[in-house]
Amino acid sequence: MQHLSYIGWTGDVSVNLCNLIEGYRPLSTFEITPFVGLSAFQRFGHMGVEPTPFMGGSVGLNFTYMFNKNWGIYTEGRATIMSDEFDGQIADMNYNGMWKWTAGITYRFGEPKYIDPALETRLNLPYNIASAC
């Protein structure tokens, strides 16, 4: 088994498919969120392998189920790809890859503060009686 010491950072761009299909609902029960991202890794020296920075990319999918307005569970899978030299060995392939799977509990603080844009527009109109009081 190979031993590597490294640290990595990832920035993702994601889209909640449920919001995209059904429109935004602040208290939705399910969330399905695919994402893509760029990763930066710093490999630390170990057993003759030089410390080196690397760049990579990742894709993944996140599923969230909310039990109520605050508590839920989630699971996420991510595939990351980087150059073949990441593990200190050059092989027949041009890349190295990692699979990650995480699961956990999520808690949302407070209540969703969502105002329908159509309602907000009407409240901001100059002839709104409610705002004149």
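Guide: Let us begin with Arg78, which has a relative accessibility of 11% and therefore counts as buried. Buried means under 20% relative accessible area, exposed means over 50%, and partly exposed lies in between, with a 1.4 Å probe and protein chains only. The model is a predicted one, in which local features need pLDDT of at least 70 and side-chain atom pairs count only at pLDDT 80 or more, while totals for chains, interfaces and linings use all residues. Residues are numbered from 1 along each chain as its sequence is written, and side-chain values use heavy atoms, with hydrogens and water left out.

Side chains of opposite charge can pair when their charged atoms come close. Arg78 forms a salt bridge with Asp12, at 2.7 Å from N to O; the term denotes a side-chain nitrogen of Lys or Arg within 4 Å of a carboxyl oxygen of Asp or Glu. This pair links distant parts of the chain, since Asp12 belongs to strand 1 (residues 6-14) and Arg78 to strand 4, 66 residues apart. Strands (E, at least two residues) and helices (H or I, at least four) are DSSP runs, numbered from the N terminus. Asp12 has a relative accessibility of 37% and so counts as partly exposed. Arg78 also forms a salt bridge with Glu76, where the closest N and O atoms are 3.6 Å apart. Glu76, like Arg78, is buried.

Leaving aside neighbours within four places in sequence, Asn62 is in contact with several residues, among them Glu76, Thr75 and Tyr74; contact means heavy atoms within 4.5 Å. Asn62 is found in strand 3 and, at 13% relative accessibility, is buried. The side chain of Asn62 also makes a polar contact with that of Thr64, at 2.9 Å. A polar contact is a pair of N or O atoms within 3.5 Å; within protein, one must be able to donate a hydrogen and the other to accept it, and residues adjacent in sequence count only if both atoms are side-chain atoms.

Strand 3 (residues 52-66) also holds Tyr65. A search of the whole structure finds four aromatic pairs. One of them joins Phe30 and Tyr65, which are tilted, with 5.1 Å between the centres and 50° between the planes. Phe30 lies in strand 2 (residues 30-43) and Tyr65 in strand 3, so the pair ties together parts that are 35 residues apart in sequence. Tyr65 also pairs edge-to-face with Phe67, at 5.4 Å centre to centre and 85° between the planes. Rings of Phe, Tyr and Trp (its six-membered ring) pair if their centres lie within 6.5 Å; planes under 30 degrees apart count as stacked, over 60 as edge-to-face and the rest as tilted. These ring pairs link Phe30, Tyr65 and Phe67 into a cluster. Tyr65 is partly exposed at 32%, as is Phe30 at 49%, whereas Phe67 is exposed at 54%.

Phe30, Tyr65 and Phe67 are also among the residues that make a nonpolar surface patch of about 930 Å². Patches consist of residues with over 30% relative accessible area and no salt bridge, like charges being joined within 9 Å and nonpolar side chains (Val, Leu, Ile, Met, Phe, Trp, Tyr) within 5 Å. Accessible areas come from the Shrake-Rupley method with a 1.4 Å probe, and for residues only the protein chains shown count as cover.
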